[in-house]
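Me: Please take a close look at one part of this model, the helix packing. I would like the geometry and the residues involved, in one connected answer.

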Amino acid sequence: MAQDFWMYTGQGNEVAEKITELAKAAGLDWTQTLSIMRFVADQKSDEYGELMDTAVREVIYNRCKFTTEFYV
């Protein structure tokens, strides 16, 4: 079961967790991770639009242990 990423559904939390795992495994930076989040949110806005909500972005940022500027 996916951890809580403040998404509206369990399926949304799973997608957020997969993005987090991908970012960590691939060594992505915050800008690259944010681009993936934005792409998914734009392509599937009905299901995953809240990926761009500040609360969700903060959880992913913190779980990836980024230290760069949050607002890019």
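Reply:

**Helix packing around H2**

Helix H1 (residues 10-26) packs with helix H2 (residues 30-43), the two axes lying 10 Å apart at an angle of about 150 degrees. Angles over 145 degrees count as roughly antiparallel, so H1 is roughly antiparallel to H2. The crossing of H1 with H2 is right-handed. This is a predicted model, and the description should be read as such.

The contact itself can be given by residue. On the H1 side are Val 15, Ile 19, Leu 22 and Ala 23, and on the H2 side they meet Thr 33, Ile 36, Met 37 and Val 40. Of the residues in this contact of H1 with H2, seven are nonpolar, one is polar and none is charged.

The axes of H2 and H4 come within 11 Å and cross at roughly 140 degrees. H2 and H4 are therefore oblique to each other. Their crossing, that of H2 and H4, is right-handed.

From H2, the residues Trp 30, Thr 33, Leu 34 and Met 37 meet Arg 57, Ile 60 and Tyr 61 of H4. The contact of H2 with H4 divides into five nonpolar residues, one polar and one charged.

Definitions and conventions:
Residues numbered from 1 in each chain as written. Predicted model: local features only at pLDDT ≥ 70, side-chain atom pairs only at ≥ 80, totals over all residues. Heavy atoms only, no water. Axes fitted to C-alpha atoms, helices over the stretch in contact; angles between N-to-C directions. Helix = DSSP H or I, 4+ residues; strand = E, 2+ residues; numbered from the N terminus. Parallel < 35°, antiparallel > 145°, perpendicular 65-115°, else oblique. Left-handed = near helix turned anticlockwise from the far one by under 90°. Contact = heavy atoms within 4.5 Å. Nonpolar A, V, L, I, M, F, W, Y, C, P; charged D, E, K, R; others polar.
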